[in-house]
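Good morning, and thank you for making time for this presentation.

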Amino acid sequence: MNLLSNSYVILFLIILIGFIIGRIKIKGISLDVSAVIFVALVFGHYGYEIPKDFQYLGLVLFIFTIGIQAGPSFFESFKKQGRELAMLASILIITAGIIAYCVYYFGGIDKNLTIGLLNGSLTSTPGLAAAIDATGSSLASIGYGIGYPFGVIGVILFVSLMPKIIGVKVKEEEEKYKNELSIDHPEILRKYYIVENENVIGKNLGELNIRFMTKAVISRVMHDNHVIAPSPELVLQKGDIIKAVGTLDALERVTILVGPETDTEIPTDKNYEVRAILVTNKEVVKKTLGQLNMFNTYGATVTRIRRSGINISPSPSSTLKFGDKIIVVCNEENMKRVSHIFGDDDRKLSDTDFFPIAAGILLGILVGKLSINFGDFSFSLGLTGGILLVALILGRTGKTGPIMWTMTGAANQLLRQFGLLFFLAAVGTNAGSSLVETFSKYGVELFVYGIIITLVPMIITTIIARYFMKLNMLVLLGTLTGSMTSTPGLAALDNMTDTDAPAVAYATVYPIAMVLLIIVVQILSLI
């Protein structure tokens, strides 16, 4: 029996060789998972082919997991600075699309090949998936393979050299970013205060509603050297010491309301517990702290919420999300009940429910088949667009009744990688059969066009962002790598700065860039 006659043997052999080549680094640069498509092109050239069923299976898993993960940040990105970054990503993608159209129209390059070249130059595998779906041509894969190498190297060189070229000091940009960050996400502090204000003496915490008045949380009270967990019935007496948690502005309001700050700390009490609890109970997801009413029911106080690496000062209107880590303060007896209400089961973070995955993909396929008619012209989202749109909405929704649409990061990454590998292997072998013919016809010309599509949009976006919008250089560079969907470019930026400015900007524009590029691809395929 000839093993190489079995498509599944070829599939996993391509993936194996692709992973080996992808991990080879030359001066810190590697092809990573995209090496699979180059290996597949070679196999395809020698007559090996992976059935298209693997291609479509990989495509739907890859696009769906991207949409689920990107949903919340995609819609949230249009708030505050996200609008500016979204506009810059739009400028870059639209500029690249216009250049690609000019290459096709004036350069005489095959349209399907040009669409693939566009995605390779922007290092966008989701864009390639959309291109394959929209064009149905193997030329898109070849164009992607030609544009991809400089797409990777060009972005790294651009973001590494740009600060030096225009004379910007990275350290100064870091300080500016930290100052801006302290305004948007103020540090959560804890301080102690003596109760001296006559207006609060003799009143209980329920009457005073300190959280509403100050935006700070009272997490501990000491009366006559006895530590007491705060409760609505607890009456404040002159000389009591309270511990408050909140932002600097909130704590300044506590001083005005309660009394002066003190260096006297409140010791921990054996009956008093502070615990970090994971939100894993589906019943409390999307509910506010006010709705749960932990303080009045169990005397439990949530002092902070940690989400996506950021500490958030809680308020009654704070909505809980699956995977949040909350810091809870209450007596030992009630802590078990509170922990049970929120879930606090880290095993659930690794569980994957396949019902919402299957339901979401099927719904996306149906939406993609819907057609809108404008006279003689009809438009449909197609397989890629339908699944992406549904996944973005479901990712933003998070939960519908008992159904959790979101996935843990580990589960999402595994399914995405699985789908991507199958997709790249299948499209690569399909395209490999016409690889040599395409090279002999277009030669170096395609490489030059790919370089132009990579560099010119970044240059135009940089000029607009830096000289008209006065954007922080670190944020700008993160925006460029996100718009170019370049993980190697982001890795290069991580070595340049100690701040998370590039990563935050990258995460903000990455889903926007993916969606915009898919739209541009579909428009180009219809022209």
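**Helix packing, aromatic pairs and selected residues**

Helices α7 and α20 pack with their axes 11 Å apart, at an angle of about 170°. Before I continue, please note that this is a predicted model, in which local features need pLDDT of at least 70 and side-chain atom pairs count only at pLDDT 80 or more, while totals for chains, interfaces and linings use all residues. Residues are numbered from 1 along each chain as its sequence is written, and side-chain values use heavy atoms, with hydrogens and water left out.

Two packed helices are described by the angle between their axes and the distance between the axes. The axes are lines fitted to C-alpha atoms, for helices over the stretch in contact, and the angles run from 0 to 180 degrees between N-to-C directions. Helices here are DSSP runs of H or I with at least four residues, strands are runs of E with at least two, and both are numbered from the N terminus. Angles under 35 degrees count as roughly parallel, over 145 as roughly antiparallel, 65 to 115 as roughly perpendicular and the rest as oblique. α7 and α20 are therefore roughly antiparallel to each other.

Which residues make this contact? From α7 they are Val155, Phe158, Val159, Met162 and Pro163, and from α20 they are Met473, Leu477, Leu480 and Thr481, where contact means heavy atoms within 4.5 Å.

The residues of the contact of α5 with α7 divide into 8 nonpolar, 8 polar and no charged.

Let us turn to helix α6 (residues 125–135). Of its 11 residues, 9 are buried, so α6 is largely enclosed by the rest of the structure. Buried means under 20% relative accessible area, exposed over 50%, and partly exposed in between, with a 1.4 Å probe and protein chains only. Proline 126 is found in helix α6 and counts as buried, at 5% relative accessibility. Not counting residues up to four places away in sequence, proline 126 touches Phe62, Ile63, Ile66, Met514 and Ile518. Proline 126 and isoleucine 518 are 392 residues apart in sequence, yet 7.4 Å apart in space, C-alpha to C-alpha. After α6 comes glycine 136, whose phi is positive, near 65°.

Next, the aromatic residues. How many aromatic pairs does a search of the whole structure find? The search finds 7. Rings of Phe, Tyr and Trp (its six-membered ring) pair if their centres lie within 6.5 Å; planes under 30 degrees apart count as stacked, over 60 as edge-to-face and the rest as tilted. The rings of phenylalanine 43 and tyrosine 48 have centres 5.8 Å apart and planes at 55°, so this pair is tilted. Phenylalanine 43 is buried, at 15% relative accessible area, whereas tyrosine 48 is partly exposed, at 28%.

Phenylalanine 54 and phenylalanine 422 form an edge-to-face pair, 5.5 Å centre to centre with 75° between the planes. This pair links distant parts of the chain, with phenylalanine 54 in helix α3 (residues 52–76) and phenylalanine 422 in helix α17 (residues 409–432), 368 residues apart. Phenylalanine 54 counts as partly exposed at 22% relative accessibility, and phenylalanine 422 as buried at 6%. Ring pairs link Phe12, Phe54, Phe418 and Phe422 into a cluster.

In strand β1 (residues 189–194) we find tyrosine 193, which is buried at 1% relative accessibility. Its contacts beyond four places in sequence include Asp240, Ile241, Leu251 and Pro260.

Asparagine 209 is in the loop between α9 and α10 and is partly exposed, at 39% relative accessibility. Lysine 470 lies in the loop between α19 and α20 and is exposed, with a relative accessible area of 63%.

How values were computed
Ala, Val, Leu, Ile, Met, Phe, Trp, Tyr, Cys and Pro count as nonpolar, Asp, Glu, Lys and Arg as charged, and the others, Gly among them, as polar.
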